[in-house]
Amino acid sequence: MAELVHMNYLLVSVMNRFGIRLGFGDKSISQVCKEHSVNIDFFLEIVNSFHDKDYFPQKHLQGFSIQLIIDYLSKTHRYYLDEKIPEIEKLIDQMIIECYSHNEHAHFLKTFFIEYVNELISHIKKEDEKVFPYSINIENQFLNKKESENQYPTSSNYSIKEYLSEHNNIEEKLFDLKNIIIKYLPSPENQALCSKVLSDLFNLEKDINDHSRIEENVLIPKVKLMEEELSNRQKKT
Ligand SMILES: [Fe+2]
Ligand SMILES: [Fe+2]
């Protein structure tokens, strides 16, 4: 397991989402996964697709349960809102003081960041409160034929297609934020701090890209197939 971190230290945060913390000594991946009751196949697919952007086992990932996929996606939401965003916010505050002390426009950086955070919060809230419970409900109905006959019509006024059409690109604003620092603000007085913020923003952008890829290419097609199957079952009754 330690080798995974040596290969890509950003995987530490992915491991945290599975409840796996550093300090695993010489234990193998399978030992650590077993100890934490983590599905090793799912863990490896997530780790590999996070590490290598060209590796995306879409069909294989769709083979895992919606509950398992959503559990991972929800933990990723918590990581963004409870850990990464507060951390970056603190750095941006520090940056305005230490990097642009003579620039009267530097506080726009904070305003822009807050706008981004509000967008991210409402994006995540919608998924946590509407899309994910709906998807779990569809899977429950799919797995239990009897229940599905009674329950599907009540949820049929919403479809996962709606989510796909509205699934907005939350990385765009992050790109603009990076550009303010890279292009529009003057040279920073504290270059090291500025580099640290930029590298955090690049890493967050990569993480969110990976997250959205799972939502759009794994979760949505899987729920869509189940919706179709449930609707076919209904027609037959
Ligand atoms: Fe999400
Ligand atoms: Fe999303």
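Predicted model: local features only at pLDDT ≥ 70, side-chain atom pairs only at ≥ 80, totals over all residues.

**Note on helix packing, cores and selected residues**

1. Helices H10 and H11 run roughly antiparallel to each other, because the angle between them lies over 145 degrees. The angle at which H10 and H11 pack is about 165 degrees, and their axes are 10 Å apart. The crossing of this pair is left-handed. On the H10 side the contact involves Leu174, Leu177, Lys178 and Ile181, which meet Cys194, Val197, Leu198, Leu201, Leu204 and Glu205 of H11. Sorted by class, this contact of H10 with H11 holds 8 nonpolar residues, 2 charged residues and no polar ones.

2. The chain has 237 residues, of which 22% are buried. Its secondary structure consists of 11 helices and 0 strands, so that the pattern read along the sequence is α-α-α-α-α-α-α-α-α-α-α. The C-alpha trace spans about 70 × 45 × 25 Å along its principal axes. Among contacts with a separation of 6 or more, 74% join residues 24 or more positions apart.

3. Helix H10 (residues 172-184) also packs with helix H7 (residues 107-143): their axes come within 10 Å and cross at roughly 165 degrees. That angle makes H7 roughly antiparallel to H10. The crossing of H7 and H10 is left-handed. H7 contributes Leu109, Phe112, Phe113, Tyr116 and Glu119 to the contact, and H10 contributes Lys173, Leu174, Leu177 and Ile180. The residues of this contact of H7 with H10 comprise 7 nonpolar and 2 charged, with no polar residue.

4. The crossing in which H6 passes H11 is left-handed. In the contact of H6 with H11 there are 16 nonpolar, 3 polar and 6 charged residues.

5. Which residues touch the most other members of the largest nonpolar core? They are Ile69, Leu219 and Val223, in a core of 17 residues. The elements that supply two or more residues to this core are helix H6 (66-98), H7, helix H9 (160-166) and helix H11 (191-236). H11 gives the most, with 6 residues. Leaving out residues up to four places away in sequence, Val223 touches Ile66, Ser135, Ile138 and Ile160. Another core, of 13 residues, lies apart from the largest one, and its members include Ile92, Met95, Phe113 and Leu177.

6. Is Cys33 buried or exposed? Cys33 is buried, because 20 other C-beta atoms lie within 10 Å, and 20 or more is the cut-off for that class. Cys33 is found in helix H3 (residues 29-35). Apart from its neighbours within four places in sequence, Cys33 is in contact with Val38, Ile40 and Phe43. His167 stands 134 residues from Cys33 along the chain, and the C-alpha atoms of the two are separated by 32 Å.

7. Although Ser37 is not a glycine, it has a positive phi of about 50 degrees. The residue lies in the loop between H3 and helix H4 (40-51). Ser37 counts as exposed because it has 8 C-beta neighbours inside 10 Å, where the limit for exposed residues is 12 or fewer.

8. A last point concerns Leu10, in the loop between helix H1 (2-7) and helix H2 (11-17). With 13 other C-beta atoms within 10 Å, Leu10 is partly exposed. Leu10 and Asp26 are separated by 16 residues in sequence, and the distance between them, C-alpha to C-alpha, is 19 Å.

Notes:
Residues numbered from 1 in each chain as written. Chains lettered and ligands numbered in written order. Axes fitted to C-alpha atoms, helices over the stretch in contact; angles between N-to-C directions. Helix = DSSP H or I, 4+ residues; strand = E, 2+ residues; numbered from the N terminus. Parallel < 35°, antiparallel > 145°, perpendicular 65-115°, else oblique. Left-handed = near helix turned anticlockwise from the far one by under 90°. Contact = placed C-beta atoms within 7 Å. Nonpolar A, V, L, I, M, F, W, Y, C, P; charged D, E, K, R; others polar. Core = buried A, V, L, I, M, F, W, Y, C linked by C-beta atoms within 7 Å.
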